Amino acid sequence: MMILLILLLLLIILMTGAALLVVRDPMHGAVNLGISLLALSILFLLLGAPFIAALEVMLYVGAILVLFLFAIMLLRSPLQVREEARWRRGFWWPAVLVVLLTVVLILLFSQRPDLQVMIQEIGPASVGRALFGPYLWLTEAVALLLFAVIAAVLAIHRRDAHDT
Amino acid sequence: MRLFLMALGMLLTTMILLGVAGFLVFAERRVLAFLQNRLGPNRLGPLGVGQALADALKLMSKESFVPDFADPVLYRAAPVLVAFSALVSFAVVPLDQHFSWAGNWNIGLLFILAMSSLNAYGVFLGGWASGNKFSLLGAVRAVAQLVSYELPMGLALLGVVLLSGSLSLNGIVVAQNLPFIVLQPLGFVIFMIAGVAETHRLPFDLPEAESELVAGFNTEYGGMRFGYFFLGEYLGMTLIAVLTALLYLGGWHGPWLPGWIWLLLKTGAVIFVFFWLRATLPRPRYDQLMGLGWKVLLPLALFNIMATALAAALWRLA
């Protein structure tokens, strides 16, 4: 039962990933990416990582994808018909990767029909303990990096006297 | 059998929630009328309660159409997404310590935040898929508002999580011997303001803004699809109200009456504040809304969480 659900989710991820390559409208691409991320989040949940699953939706779907949407909306006018080649040059390498991933998936599950999913649930508390215990310095380093990024954004966005 | 009972229970919960949302539409009209010295809808049934049913019937009997210039799939999916994400969030809301679907889930609060970002997607996709420039402007505003207010809201909630040491709503309520509004007054104010903005309620209903954007993201919607958006908005308001009651007002704690009645009373009081805000405050300009989010609420929320952490650390030392 569990394995069927996981397979279904993997299929959704692969299909939406493949759909990203063929849809014409960038907005449809973004929606496909969103569905793929949601399926990934449910996969995390099933595999015993509820905290990561929630963060996946909050950060990736709720924040990063939103930035993509912003870019798409600000760059293109809404819903106009665009004639574009369906098979663009950027299509091939990702397509090969999708096919490879599908093959690996099929091989993996056909080689080991007895594949047991060992699930140990990692709650938010243990994630927190790990982040602020053994990985404290790494966390602080990431924080410093983000701080530098904020400073850089502010510097780029600073209005000079002649701008105003 | 167990599965069947569960499905039945879910159906019942959904029906009750939809009923509450429908009733709130009517209640809002009556309360607004009362605050503005009018009568409001008072003809159908006792005190006009039947008006909610009549509105629902009207919306259901209308034609359900897709405009020619809209993106058909996303146009259909968006309203469902709005209502769905608001409904699902209620799964982690406990009515009492032992009465909830998933009140003990250890990521309950995060789940609600995640669903609220999905909710904004519904509004956004609906506005975009309508293929109308007013709708698109509404959608852009919805997304910008989401990004600006989700952050202070999350940070304000972190204060509560710090104090209670739990992410499950049950755990948070159990930890409140003293309602957290006393310990987190700043966090409470930030959460309320961000909550109003998250649900696109007046005075922060800029994605909708009838007077400037002719209803914004739902300009092209009619019939029950419009009804879904409406239900989603009122369910979202109920959710924020019940969260406020659970996180800051002590949840089901209270003397004499049984717990769930206390929770409902507190929720009702917060919902009344929502109505009151709508009747009192004018809509701010868009840049003012953004400025409030980024320049006032975010620093205040950061200050709040630092102060809370310091106080908690000192408390532990003492």
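1. Exposure of B:Trp256. B:Trp256 counts as exposed, with 6 C-beta neighbours inside 10 Å. Here a residue is exposed if 12 or fewer other C-beta atoms, placed from the backbone, lie within 10 Å of its own, buried if 20 or more do, and partly exposed in between. B:Trp256 also has a positive phi of about 65°, although it is not a glycine. Its place is the loop between helix H10 (223-247) and helix H11 (259-280) of chain B; helices are DSSP runs of H or I with at least four residues, numbered from the N terminus.

2. Basis of the model. The model is predicted: local features need pLDDT of at least 70 and side-chain atom pairs count only at pLDDT 80 or more, whereas totals for chains, interfaces and linings use all residues. Residues are numbered from 1 along each chain as its sequence is written, and chains are lettered from A and ligands numbered from 1 in the order in which they are written.

3. B:Asn37. In the loop between helix H1 (2-35) and helix H2 (50-61) of chain B lies B:Asn37. This non-glycine residue has a positive phi of about 60°. B:Asn37 is exposed, with 6 other C-beta atoms within 10 Å.

4. Contact between the chains. Chain B places 21 residues in contact with 18 residues of chain A, contact meaning C-beta atoms, placed from the backbone, within 7 Å. On the chain B side, helix H4 (108-129) and helix H5 (133-164) are the elements that give two or more residues. The largest share, 8 residues, comes from H4(B).

5. Composition of that side. The chain B residues touching chain A divide into 16 nonpolar, 3 polar and 2 charged. Nonpolar covers Ala, Val, Leu, Ile, Met, Phe, Trp, Tyr, Cys and Pro; charged covers Asp, Glu, Lys and Arg; the others, Gly among them, count as polar.

Methods
Contact = placed C-beta atoms within 7 Å.
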